[in-house]
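Good morning, everyone. Please have a look at the chain on the screen, and then I will walk you through it.

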Amino acid sequence: MAASILHPLDKKSAGLAFVLGLVAILGALASQFIGGLVPCELCLEQRLAYYWGLPILLVVLLTWNRLPLTVWYIAMAIVTAIFVWGAYMGGYHAGVEWGFWPGPTACTGIGETMDFDALSNLTPVIGCDVVQFRFLGISLAGYNALVSVAIVALLGISIAAQMRHRRS
């Protein structure tokens, strides 16, 4: 019975990775557009993993049984690499927020010159070292790192299950 539940483990874990990523990016967008949180430069950069990785993963899921195996492995490796980068960016940003290392000067520095004529066109800029929201002591950047690691793990399970299935 347990074997039948886990039978297509490769597709189920890839599908779960997609759903987890979709919930994460929709949550980030909701926190911005509904919750009023203003993303910093690193926040926006972390979203790129979802903007690039999820469409590729969706194509893989939709063409699951029609993709040549080599193309499947390449696409899954690309998506996994994208989310490894996303996990790195989330960890880096969380470290900046905790003060473990300095952030990029574009969002934590004051710059070199000030143009007083441009003061009328100011838009809110949030520093990358400013935490706007924490839950259970973890910032949204920290949760992004954890979610990205979970996605990488699920994709790794999918690839390993596919390899194991092909060998048998």
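Let me begin with what I mean by a helix: it is a DSSP run of H or I, at least four residues in length, and helices are numbered from the N terminus. With that in hand, here is my starting residue. F83 sits in helix α4. Please keep in mind that this is a predicted model.

Now the overall layout. How many helices and strands does the chain have? There are six helices and two strands. Read from the N terminus, the order is α-α-α-α-α-β-β-α. The chain has 168 residues, and 34% of them count as buried. Its accessible surface is about 10200 Å². Carbon and sulfur atoms hold 71% of that surface.

What about contacts along the chain? Take the contacts with a separation of 6 or more. Of these, 76% join residues 24 or more positions apart.

Next, the inside. In soluble globular proteins, nonpolar side chains tend to be buried together. Let's see the core here. The largest nonpolar core has 23 residues. Which of them touch the most other members? They are Y50, L57, M76, F83, I151 and L155. And which elements give two or more residues to this core? Those are α2, α3 (41–62), α4 and α6 (140–167).

Back to F83, then. Is F83 buried or exposed? F83 is buried, because its relative accessible area is 0%. Set aside residues up to four places away in sequence, and F83 touches A49, Y50, G53, L54, S148, I151, V152 and L155. Look at L155 in that list. F83 and L155 are 72 residues apart along the chain. Their C-alpha atoms are separated by 9.5 Å.

L57 is another of those core residues. What does L57 contact, leaving aside its neighbours within four places in sequence? The partners are A14, A17, F18, M76, V79 and L155.

On to the rings. How many aromatic pairs does a search of the whole structure find? Five. Here is one of them. The ring centres of W64 and W72 are 5.4 Å apart, and the planes stand at 80°, so this pair is edge-to-face. W64 and W72 are both buried. Y73 comes in as well: ring pairs link W64, W72 and Y73 into a cluster.

Now a stacked pair, Y88 and Y92. The distance is 6.1 Å centre to centre, with 20° between the planes. Both residues lie in helix α4 (residues 69–98). They are four residues apart, about one turn of the helix. Why does Y88 count as exposed? Because its relative accessibility is 52%, and the exposed class starts over 50%.

Stay with helix α4 for one more residue, G95. G95 counts as buried because its relative accessibility is 3%. Apart from residues up to four places away in sequence, G95 touches F100 and W101. G95 and G142 are 47 residues apart in sequence. In space, C-alpha to C-alpha, they are 8.6 Å apart.

Let's move to helix α3, where we find R47. Is R47 buried or exposed? At 9% relative accessibility, R47 counts as buried. With neighbours within four places in sequence left aside, R47 is in contact with I25, A28, L29, Q32 and P39.

Pick A28 from that list. A28 is in helix α2. At 22% relative accessibility, A28 counts as partly exposed. Buried would need under 20%. A28 and L140 are 112 residues apart along the chain. How far apart are their C-alpha atoms? They are separated by 8.3 Å.

Last stop, the surface. Which residues make a nonpolar patch there? L16, V19 and V23 do, and the patch is about 270 Å². V19 lies in helix α2 (residues 9–33). V19 counts as partly exposed because its relative accessibility is 44%.

To recap, start with the core: F83 and L57 are among the residues that touch the most other members. For the rings, remember the W64, W72 and Y73 cluster. For the surface, remember L16, V19 and V23. Thank you, and over to you for questions.

Terms used:
Residues numbered from 1 in each chain as written. Predicted model: local features only at pLDDT ≥ 70, side-chain atom pairs only at ≥ 80, totals over all residues. Heavy atoms only, no water. Patch = residues over 30% accessible without salt bridge, like charges linked within 9 Å, V, L, I, M, F, W, Y side chains within 5 Å. Areas by Shrake-Rupley, 256 points an atom, 1.4 Å probe, with all protein chains shown as cover. Salt bridge = Lys/Arg side-chain N within 4 Å of Asp/Glu carboxyl O. Buried < 20%, exposed > 50% of the residue type's maximum accessible area, 1.4 Å probe, protein only. Phe/Tyr/Trp six-rings, centres within 6.5 Å; stacked < 30°, edge-to-face > 60°. Core = buried A, V, L, I, M, F, W, Y, C linked by side-chain atoms within 4.5 Å. Contact = heavy atoms within 4.5 Å.
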